[in-house]
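Subject: Structure handover

Hello,

Here is the structure I said I would pass on. Please look it over alongside the notes below.

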Amino acid sequence: TFYRFFGPNGSSNVITYVPETRMSDWDFDLNAFIQDAVDWGALNSGMYLQGVQAGFELADAGAGLTIEEFCVDVY
């Protein structure tokens, strides 16, 4: 389960999904997030995927958190 945030980041709008619990490893279908954003009305079929990021917020006591590998395959 994820918390969803939507708002401006400079001149662009950003959708952020934050998991309710920490994860040590994760494999997922990016389309599930894209479809959620479409269903929510934040995206439409005329838009293009510009970027995907992984990270963590230091506000969540980030000591020891790292990202060792991140890869996206879009078909």
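The notes below go from the overall layout to the helix, the aromatic rings, the salt bridge and the surface.

This is a predicted model, in which local features need pLDDT of at least 70 and side-chain atom pairs count only at pLDDT 80 or more, while totals for chains, interfaces and linings use all residues. Residues are numbered from 1 along each chain as its sequence is written, and side-chain values use heavy atoms, with hydrogens and water left out.

Overall layout

The protein chain has one helix and two strands, and their order along the sequence is β-β-α. Helices (H or I, at least four residues) and strands (E, at least two) are DSSP runs, numbered from the N terminus. Of the 75 residues in the protein chain, 8% are buried. Here buried means under 20% relative accessible area, exposed means over 50%, and partly exposed is in between (1.4 Å probe, protein chains only). A contact means heavy atoms within 4.5 Å. Among contacts between residues at least 6 apart in sequence, 25% join residues at least 24 apart.

Helix 1

Helix 1 covers residues 30–40. Its buried residues are Leu30, Phe33 and Ala37. They lie on the same side of helix 1, because they cover an arc of only 65° around the axis; the arc is that of the directions from the helix axis to the C-beta atoms. An α-helix has 3.6 residues a turn, so residues three or four places apart point the same way. The cover over the buried residues of helix 1 includes strand 1 (2–9) and strand 2. On the face turned away from the buried side are the exposed residues Ala32 and Asp39.

Aromatic rings

There are four aromatic pairs in the structure. Rings of Phe, Tyr and Trp (its six-membered ring) pair if their centres lie within 6.5 Å; planes under 30 degrees apart count as stacked, over 60 as edge-to-face and the rest as tilted. One of the pairs is Tyr17 with Phe33, which is edge-to-face because the ring centres are 4.9 Å apart and the planes stand at 70°. Tyr17 lies in strand 2 (residues 12–19) and Phe33 in helix 1, so this pair ties together parts that are 16 residues apart in sequence. Phe33 also forms an edge-to-face pair with Phe28, at 5.6 Å centre to centre and 85° between the planes. Phe33 counts as buried at 17% relative accessibility, whereas Tyr17 is partly exposed at 22% and Phe28 is partly exposed at 36%. Phe2, Tyr17, Phe28 and Phe33 form one aromatic cluster.

Salt bridge

How many salt bridges does a search of the whole structure find? It finds one, where a salt bridge is a side-chain nitrogen of Lys or Arg within 4 Å of a carboxyl oxygen of Asp or Glu. The side chains of Asp36 and Arg4 form it, at 2.7 Å from N to O. Asp36 is in helix 1 and Arg4 in strand 1, 32 residues apart, so the pair links distant parts of the chain. Asp36 is partly exposed at 27% relative accessibility, and Arg4 is partly exposed at 33%.

Surface

The protein chain exposes about 6800 Å², of which carbon and sulfur atoms supply 49%. Accessible areas come from the Shrake-Rupley method with a 1.4 Å probe; for residues, only the protein chains shown count as cover.

Regards
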